[in-house]
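Please keep the model open beside them.

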Amino acid sequence: MPKLTIDGKEIEAPAGTNLIEAARRLGIEIPHYCYHPGLSIAGQCRLCMVEIGNNPRPQIACNIQVAEGMVVRTETAKVLATRQSIMEFHLINHPLDCPVCDQAGECWLQIYYMKHGLYEPRMMDEKVHKPKAVPLGPHVILDAERCILCSRCVRFCDEITGTGELGIFQRGDHSEIGLFPGRELSNPYSANVIDICPVGALTDRDFRFAVRVWYLETAKSICPGCSRGCNIEVHYNLRRPHHNQGRRVARLKPRYNREVNRWWICDAGRYGYKFVDDPSRLLLPARRADTQADEVVWEEIIPLVAARLSAYRPEEIGVLASPQMANEDLFLLRRLVDHLGIPNVDFRVPSRASGDEDRILIKADKNPNTRGAELIGLGPRPGGLDARGVLRAARERRIKCLWVLHHDLLLSAWPEEETREALRALDCLIFQGSNANGVSPSAHYVLPSATWVEREGTFANFEGRVQRFWKAVEPVGAALPDWEIIGRIGEALGMGPLPATAEAIFKALAAEVIAFRGLSYRELRDAGKPVASS
Amino acid sequence: MAELILTRNFHRPDSHALRLYQETGGYEGLQRVLALPPVTIIETVKKSNLRGLGGAGFPTGVKWGFIPKGHPGPVYLVINADEGEPGTFKDRYLLERDPHALIEGMIVSAYAIGSHLAFVYIRGEYVQPWRRFARAVEEAYAAGFLGRNILGSGFDLDVVVHRGAGAYICGEETGLISSLEGKKGWPKLKPPFPAIRGAFDAPTIVNNVETICHVPHIVQRGAEWFAALGTATQGGTRMYSVSGHIRQPGVYELPVSVTLRALIYEHAGGLPDGRRLKAVVPGGSSAPILRADEIEVAMDVDGLKNAGTMAGSAGVIVMDETVSIPEALMVVARFYAHESCGQCTPCRESTGWIFKMAQRIVEGKGRKEDLDTILDVARRGAGTTICAFYDGAVGPYISYIEKFRDEFEALIPK
Amino acid sequence: MRAPAGVKVQFTGGQLQEVRRLQALYPDKRAALLPVLQLAQAAFGYISLEAEEYVAGLFDLSPAHVHEVVTFYTLFFREPKGRHVVSVCHNLTCHLLGARRVLAYLKERLGVEVGGTTPDGKVTLLSVECLCACEMAPMMQVDDRYEGHLTPELVDRILEGLG
């Protein structure tokens, strides 16, 4: 590995590393716009200039790779003067509209102007005018005047999605990014261009003007939209609760994980969180007799549900767990099922809509934790019925009590009328989930779950990578994490005390389930760890 | 009068015909040359002090030497016939009046660098020169000078004639490569240099038309002969394009040691109507301007460099005392703003701005700080861009104002 | 700008053969994009958005990438042009030797502004950067030809000679 010095500090970096990345390892930030580690080198913005050896001219750090004995300086008078000049060039035709720009607060023109610019403006001539507020597609809106032509978005569509919708048209200071006239930017990853746009040129139609970014807080999380398990950040707003119609979760952003999603997420995942602050959320536990539903407190409903579960013979009970649930939930559920000896357990409910899949990130399995459910063992016990069998048995009144966790059985691939018939035939239907769905109105007991952003836990993605997600906001109403609901029912049924934390459950899980052996909740850190290869 | 080499047949109406070219010695030594070891040709060209005549003045043999030795894949020779530098028209003359000189030069050069596919990129506006040249290529194929096993030498060469579509930046060698590849003429980042990874990702040599036309003569008559025609650091003659306020505008082939004064007054007949010289652009519009008292300078690459300007493409634009330098700057600034490719920020953003300022000054709406702003912006932007285009624009921006500041100030309201 | 009714954006068999010949000339077929766009302009009169999409299809390129190329180069016309195109050089040498007068004269004679086409569709007038024929300044390009040493009388003769 070549050894070089950057600002007097020695560093070894693998051959092929460019100077921006080498400096980053030393904690030295070389400012840049067009460079992005996930895209090809463009060298267009000219901001990442550094001095190398005795070369009289500063060079762009993005296009220079480390070499043995190289001496790089990033803070010389010449470099600082060059950066200041480049900032001025970037802003010559940039409108001064920060107060009405949605990027304000996370705009790299603002950030770098304050850090590296701070010159006296002297551009008094008419700026070049270009199209403003042009919707490019369902998610992205363009202000071409704010664009600094870094070409990141163009390269993203060329190199990552291979869809090539965007181009830079015309030339000189009339150059502008755009679509072929009449086309739209609607590939399944389109909104990533918003993330990589360093300025306010490409903004999010869903998010813009909802909340100022400085009111947002961040929690690390995992996208629950499919079995890829893309690492994300949840950006939520608690400080200005009156903004954005009271929605707490403002947006999801990709979080880098080299092994999973690199810098990207798909649009379906990015905008798939709306159920969190939706009016359909189940707020309080409820008990229903005939057509009358009564909202009750947990202390009242837990013993009732426990009593019903112990009132039937285990073969008369069906449990439909969900691969939407975290490992901690599934592990406690398995314990409870085993405790009661219920053989009819399953988690596989085929969806009516066939899931799309591609070679980038999107997986056909739209559940975040199918692998976890498989490994923990939520399938039928010996002699037990699978999900379809459970419903058939319910129609035949052999299953009398059904506990459905999250699934909307009416949206399954099975004939809807058969499912309705099964649900009607039940003596006792328990529904546990975060939002009302096709099943919840028929349930005798409704147990409101916290969504994944309202709690912590782990998912195992399709490759068996166990990844943590963190709590962003409090559960709505009286909703509880699934593990806590299951744990309380188990406690009432003599399964033992309710574990105190998700971490405690994970510890027990790692001790008991072979695939998870050796994993520690804390040691999963931000990037997660794979289960033992099976 | 020095010997004419490249332009020797220009006076003949049929100078473009294969028959005439052969009658005057063309293709005569080709068979012998194609038997030489390629490295000998490269060494000869190095020793001849032939320097690129398109603008940059880089030593041609040295450039050829950058091709990786024993490269397993294809190597391409690309001829830059995208003549576009304001004040320059010599390559048009060569394409129209002696196309076989270029073809023979290409055969020798391609052989030297191990290329079997060569491209000639002709600017789109040059329709007649393209027709002439394309016809000559057909003739050369028919006569066995191009194609398989040229003159029994075992050497193969195909030539593709490619037309540009209107963009000055395609005269920049990597902009030309991008354009040849079917893209916008955006120059490429260096490294890698084209000799390592150029057209179609293969090692590529891009040379100007006139440069390549010299090669057969150098190989035939020897490096020493060619070197002796010029100065210590640049060999040969070159074709000066002379235009503007001059009695006999046109192309003049002269040893590179000729002075600017001699070129204007002895060869091109001086200024018309007894008018006085005010300024000269010596090497195409990108070359810093010279005042009338600065013309006692040799017209080789280093002579002009030492005089604070550049030989560039040897396009000499003569300006008499009636010329408004601020207006000239506005015209030149309009050109650079129009031709900036838009790829990198300093050039894209400031060429347009500087044109706006220059235009305001000419319109009498200048501000007293404008001149210093132009100078400062130009100096700060110089050397920060992907290609040399912006440095070419900076040449006139700075020199016009520095050398004729009074004229600018006179236009700015007090 | 859509193609006027009646102009079919579709190469003939012979033209398609030429497209394939051009694509085979280069190590990468994309290199034939400029020549094929030149062919398209000759065939369809100008390069409409339909033509861009059509050509993109011949190269397996996204239309945006063809649009980048068409909008970058000055010799591609994106709107119908006159039967003749007159491009007056306005760069330095021509400027010194009266390009503005030539252009003003042409504007008056043709009754159009720069970029305009005469109502009879005969001439499109342009003002362009250096055509590299400074020895004949002031000069202009008329279709394929260069015309230099322009005077009002010569401009008149040239215009009269246009069919």
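1. With which side chain does the side chain of B:Lys63 make a polar contact? The partner is the side chain of B:Glu173, at 3.1 Å, where a polar contact is a pair of N or O atoms within 3.5 Å, and within protein one must be able to donate a hydrogen and the other to accept it, while residues adjacent in sequence count only if both atoms are side-chain atoms. B:Lys63 is buried, at a relative accessible area of 18% (buried is under 20%, exposed over 50%, partly exposed in between, with a 1.4 Å probe and protein chains only).

2. This is a predicted model, in which local features need pLDDT of at least 70 and side-chain atom pairs count only at pLDDT 80 or more, whereas totals for chains, interfaces and linings use all residues. Residues are numbered from 1 along each chain as its sequence is written, chains are lettered from A and ligands numbered from 1 in the order in which they are written, and side-chain values use heavy atoms, without hydrogens and water.

3. Over all chains there are 0 disulfides (cysteine sulfur atoms within 2.5 Å). A:Cys62 is in none, the nearest cysteine sulfur being that of A:Cys48 at 3.8 Å, and A:Cys62 counts as buried at 2% relative accessibility.

4. A:Glu316 and A:Lys400 form a salt bridge, with their closest N and O atoms 3.2 Å apart (a side-chain nitrogen of Lys or Arg within 4 Å of a carboxyl oxygen of Asp or Glu). Both residues lie in loops of chain A, so the pair ties together parts that are 84 residues apart in sequence. A:Glu316 is buried at 10%, whereas A:Lys400 is partly exposed at 31%.

How values were computed
Helix = DSSP H or I, 4+ residues; strand = E, 2+ residues; numbered from the N terminus.
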